Amino acid sequence: MAANTVETPIRKICCIGAGYVGGPTCSVLALKCPSIQVTVVDRSELRINQWNSSKLPIYEPGLEEIVQKCRGKNLFFSTDMVPALKEADLIFISVNTPTKTFGLGKGRAADLKFVESCARLIAEVCERSKIVVEKSTVPVRAAASIVNILKANTKPGVSYQVLSNPEFLAEGTAVNDLTNPDRVLIGGETSDDGRRAIAALSSVYQNWVPAEKIIHMNTWSSELSKLAANAFLAQRISSINAISAVCEATGADVSEVAKAIGLDSRLGPKFLQASVGFGGSCFQKDILNLVYISESLNLTSVAAYWQQVIDMNEYQKMRFGQRIVQAMFNTITDKHITVLGFAFKKNTGDTRESPAIYVSKHLLEEGACLHIYDPKVEKAQILLDLDQQDEKEASCVSIFDDPYEAAKGTHALVICTEWDQFITYDYQRMYDSMLKPAFVFDGRKILDHAALTKIGFHVETIGKRPGQSFQEQNWAGANGI
Ligand SMILES: NC(=O)C1=CN([C@@H]2O[C@H](COP(=O)(O)OP(=O)(O)OC[C@H]3O[C@@H](n4cnc5c(N)ncnc54)[C@H](O)[C@@H]3O)[C@@H](O)[C@H]2O)C=CC1
Ligand SMILES: O=C(O)[C@H]1O[C@H](OP(=O)(O)OP(=O)(O)OC[C@H]2O[C@@H](n3ccc(=O)[nH]c3=O)[C@H](O)[C@@H]2O)[C@H](O)[C@@H](O)[C@@H]1O
């Protein structure tokens, strides 16, 4: 086969990056395309060993079963990147694109050093033409940089088609999101080669995604659509959180307001759950990236508009932290507080940008001692996130395997993650073992506040004035809106 032709149909896929996107995406791909050999490579030996073990590096409902079914058949995890890249017809780049921590664009621009090093390695080792797919979330026109790097370093007779194919999965629901995506975006060049590459990637997805959900567009639109989608989702959360502050100041109830808004068919009910603030590795990073791009393009009003989404989120986390201190008689020094939930959302063990980190640090700064429980987050991760080297140094942070043990002898429960199991706990049992007055601060609006008040708890939540009568609190129970 000539070096400058991409082999179609696609038989071998290599994915660089065995993280929250690369791992689940390739597992589902392998499941749905038994005739394609999928190899996920990563430079982290630890991560690859975990993918090859019985304890996967990430918790994602339904994923373990898929990995068990496909691993060793048409799904492989390896640190041996060169042969996997050489053999592949199509390469996904799924590496992390964090916010830059130094230099130009510090604190806002996306750092593309990992994407760039992938492009350099591909050009260095590949001896025949390939389709390279940008799966990582990147700034608009990042594909142009990848093309430049590939072109400048490529071997003679080898050519590349670079496609944008952003990922829209959410953690905790990744398997379902990948199996039944709302849409698959593929951006590419309008040349004949570009069209052929788009068709080749489309045919992979068509193994399980209906053709009408696979949308083709120009590369820059595809890249920008990913940033815009995350910005819009986060904006809805910041909007309802802004309204929650108005509710607390006026006596309106944000659950009622969200319900009323969500019933408008033009708006819909999703992503209107007021909370302690959004977390996760992407919303903040991607909006900061959008802000940076807008500023770089001299679109200062656009940049200021999106920056507000982040600012509102910071405000919400701060407000919640302050409210805990205020409600507990303006001092929590030496008080023991139970933090229930440390992951940034339910059904994941991921703590990146988790609001629980902000709230916990705030409580520690105010002198409290924390008892922390999360069903899926590792102890070492919690200590790392709270800048505690080890358990010895973490004299004021204790991590528990059991929520009832965590609650014992503490003054308050602070709900930071909306785990389903938190809804069904025996709160009477917890109350009986706690110091009085016992407080609940429900940062996720998942508990039955009327029942808790009846038990004797002083209950505070987002978007509702504290101390409303039993009857007023009555309906605002479980499941928010
Ligand atoms: N986490 C999520 O839910 C989603 C993330 N994304 C985007 O996908 C991208 C990846 O995100 P995650 O999977 O969460 O990141 P992650 O940090 O979990 O995984 C990235 C992996 O890439 C590896 N890596 C980095 N540079 C490498 C290199 N040069 N060679 C080999 N391996 C390398 C790292 O060791 C790491 O295991 C990001 O751009 C993110 O914005 C998009 C949609 C959802
Ligand atoms: O690019 C990404 O990384 C992904 O970011 C989000 O997915 P994720 O961050 O995994 O999870 P979400 O369900 O969006 O939740 C993000 C945060 O917002 C919070 N949230 C969500 C919804 C809501 O109504 N209220 C609210 O506070 C969650 O608790 C969580 O802290 C998007 O939903 C995905 O489409 C996208 O692919």
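Leaving aside its neighbours within four places in sequence, A343 is in contact with T348, G349, D350, T351, S354, D374, K376, V377 and T417. Before I go on, please keep in mind that this is a predicted model.

So where in the chain does A343 lie? You will find A343 in the loop that runs between β9 (336-340) and α13 (355-365). And is A343 buried or exposed? A343 has 27 other C-beta atoms within 10 Å, and 20 or more is the cut-off, so A343 counts as buried. For a distance to check on your screen, take A343 and I357: the two are 14 residues apart in sequence, and their C-alpha atoms are 8.9 Å apart in space.

Now let's zoom out to the whole chain. DSSP runs give 18 helices and 14 strands. Along the principal axes, the C-alpha atoms fill a box of roughly 75 × 45 × 45 Å.

Next, the domains. The chain is divided into domain 1 (12-209) and domain 2 (242-473). Their C-alpha centres lie 34 Å apart. How many residues of domain 1 are in contact with domain 2? There are 16 on the domain 1 side, and they meet 16 residues of domain 2. On that side of domain 1, the classes come to 9 nonpolar, 4 polar and 3 charged residues.

In soluble globular proteins, nonpolar side chains tend to be buried together. Here the largest nonpolar core has 68 residues, and the members that touch the most others are V339, V414, I415 and C416. Helix α11 (residues 283-296) gives the most to this core, with 7 residues. There is also another core lying apart from it, made of 62 residues, including C14, I122, I131 and A143. Going back to I415, and again not counting residues up to four places away in sequence, this residue touches L340, G341, F422, F441, D442, G443, R444, I446 and L447.

Ligand 1 is surrounded by 25 residues, and the closest are G17, G19, F114, S136 and T137. Which helix gives the most to the shell around ligand 1? That is helix α5 (residues 113-125), with 3 residues. By class, the shell of ligand 1 holds 9 nonpolar, 11 polar and 5 charged residues.

Around ligand 2 there are 20 residues, with Q273, S275, F278, G280 and C282 the closest. Helix α9 (residues 219-250) gives the most to the shell of ligand 2, again with 3 residues. The classes around ligand 2 are 11 nonpolar, 6 polar and 3 charged. And where do the residues around ligand 2 come from? Domain 1 (12-209) and domain 2 (242-473) each supply at least three residues to the shell around ligand 2.

How values were computed
Residues numbered from 1 in each chain as written. Chains lettered and ligands numbered in written order. Predicted model: local features only at pLDDT ≥ 70, side-chain atom pairs only at ≥ 80, totals over all residues. Near = placed C-beta within 6 Å. Helix = DSSP H or I, 4+ residues; strand = E, 2+ residues; numbered from the N terminus. Nonpolar A, V, L, I, M, F, W, Y, C, P; charged D, E, K, R; others polar. Domains from an automatic or database assignment. Core = buried A, V, L, I, M, F, W, Y, C linked by C-beta atoms within 7 Å. Buried ≥ 20, exposed ≤ 12 C-beta atoms within 10 Å, placed from the backbone. Contact = placed C-beta atoms within 7 Å.
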